[in-house]
Amino acid sequence: MNQCREPGQGVEQEEEEEVTGMVCQEADLKDGQMKEVTVGEQKVLLVRTQGQYSAVGSQCSHYNAPLVKGALVGDRVRCPFHGACFNVRTGDIEEYPGLDSLPCYKVKVEDGQVYVSIKKNSLKLTRRVKEMCSLVPDIKHTILLIGGGPASLVCAETLRQHCYQGRIIMVTKDSLPPIDKPKLSKALNVDSSSILLRTIDFYQKYGIEVWTQKEVVSVNPADKVVKLSDGTLQHYDQLLISTGCRAQPLNCPGSDLTGVKLLQRYEDAQEIHSSCLGQRAVVIGASFIGMEVASYLSDKAASVAVVGTSRYPYERSLGPEIGKMSMQMLEEQKVKFYMSDGVTEIHGENGKVRAVVLKSGEVLEADVVIVGIGVIPNSDFLSGSELKVDSRRAVIVDKYMRTSIPDIFSAGDVTSFPLTIRGDQRVNVGHWQMSQAQGRVAALNMLNKPTKCDSVPFFWTVLLGKSIRYTGYGEGYTEIIFKGKVEERKFLAFYIKEEVVVAAASLMFDPAVARLAELMATGQIITKAQAQADDLSWLQM
């Protein structure tokens, strides 16, 4: 594997015109403080750490959130919305979601005044793609990525960022290259071009082959070969398994009727949207996917009903109080709930859905049934490969994303991995951010750059335009301590297990969850006593 030139190395840089602005007095910011300033017409995040000023782009590269409202800890700022982190000295992305880094600007302190300079040709840039190399045809080394999700994409980009110049092949069953999948359940009728994570030109520029509508059906580790569904064989030198999970189908009479839908692919989202317009929709499952779909359909379908097995939505993960609040939010939009219930049968007419029969005896008229009752790891194709999987058939990896077989790595929702913040307890976490983090770690270890995955889980869900944010790993919590009031829909919830905060959730309480994530990322233990205290100054850092 050849080494490529580091950014700026061996290149004569021409002097470019700059725009310079005096943005503040040197004494205006103390260490650990940041402010948004304007140079030209560009908003800039000005930061002071350890007596030094630095300036980077002001918007998160994920969904453009204002970073000034985020959490600054040491040399990095964490986005208040979805938890992405950026180094404030270099602008580099250090934690996900998102792909791109921030532009970095020149800062000068003179006579007690702080000046920021921006090159004129980059005045309008709000993000920066890290420098990458491309394919060198003479290098006979192939890294094969199975799956077309966030883990595969970040793995491919990380390989190119670190000067890997061999062949990269990404194989996906989907019709599209990697997309922003979390948007599918939040905005089903979204144009495919608007959710592509990278353009086709990007993959071509950096020599990343993307094979769409192809499926790997078996892996032969001894010969380092995979077999595709069309019968062809593909050799690899190193392999990434990042096939994610699939939606668990409903298993009852009538579940095969036309109108019973699962949300897995872009095409599924389009179908659910179009088939529900002005129709009677029944959503089976009251967790994150089901609730987001119900929220989206609440002003589009003729009626929306949600069927759940627990008393309240999210009861096991977020607790009854937040579940009850979420239920009330949707009930105000005329969504009906049938909780502590389940489906026994789906009735049809001429092969099409007509009604859903519940265990309670209730019969719900329906034209479309959307099923969101859990997921199954996509690991069936590994049977016979001797790769170790757990009881749920998730692929077992260590902190370096290595599987039980040399040169085979795994990342994303399909994995069972040791979670640092829970003392390396083995978990399966289906978060977008974690998949990206694991894709990066897998790439670095493929390149013999030993790197552990120590990311703190972070996710969000959106109901009727309101975002609930969550960080940590709350499984097995025994108590919830609330700040603010859930019934007023403005709160911070601490999840307690064995006298320690193991997770937190919030609504309209930014940037509390981002700050909690940073505290957890630095290894701090947050006690129940701290969560109970009226004084939350420890959270302000």
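Trainee: In which helix is the place of Thr158?

Mentor: This is a predicted model, and its residues are numbered from 1 along each chain. Residues 150-161 form one of the helices, and Thr158 has its place there, in helix 1.

Trainee: Is Thr158 buried or exposed?

Mentor: A residue is called buried when its relative accessible area is under 20%. For Thr158 the relative accessible area is 3%, so this residue counts as buried.

Trainee: Which residues does Thr158 touch, not counting residues up to four places away in sequence?

Mentor: Once residues up to four places away in sequence are set aside, the contacts of Thr158 that remain are with Arg440, Ala443 and Leu444.

Trainee: Which strands stand at the edges of the open sheet of six strands?

Mentor: The order of this open sheet is 1-10-9-4-3-2, and its pairing is antiparallel. An edge strand has a single partner strand, so one side of it is left without a neighbour in the sheet, and this holds for strand 1 (18-25) and strand 2 (33-39).

Trainee: What does the twist average from one strand to the next in the sheet with the order 1-10-9-4-3-2?

Mentor: Going from one strand to the next in this sheet of six strands, the twist has an average of 30°.

Trainee: Within that sheet, which residue in strand 4 is the bridge partner of Val44?

Mentor: Strand 3, residues 42-49, runs antiparallel to strand 4, residues 52-57, and six bridges join the two. For Val44, the bridge partner in strand 4 is Gly57.

Trainee: Which residue takes a positive phi in the hairpin of strand 23 and strand 24?

Mentor: Strand 23 (residues 343-349) and strand 24 (residues 352-358) run antiparallel and are joined by six bridges, with Glu349 standing opposite Lys352. The hairpin has two residues between the strands, and the positive phi, near 55°, is taken by Asn350.

Notes:
This is a predicted model: local features need pLDDT of at least 70, side-chain atom pairs count only at pLDDT 80 or more; totals for chains, interfaces and linings use all residues. Side-chain values use heavy atoms; hydrogens and water are left out. Two strands pair if DSSP finds at least two bridges between them. Helices (H or I, at least four residues) and strands (E, at least two) are DSSP runs, numbered from the N terminus. Axes are lines fitted to C-alpha atoms, for helices over the stretch in contact, and angles run from 0 to 180 degrees between N-to-C directions. Buried means under 20% relative accessible area, exposed over 50%, partly exposed in between (1.4 Å probe, protein chains only). Contact means heavy atoms within 4.5 Å.
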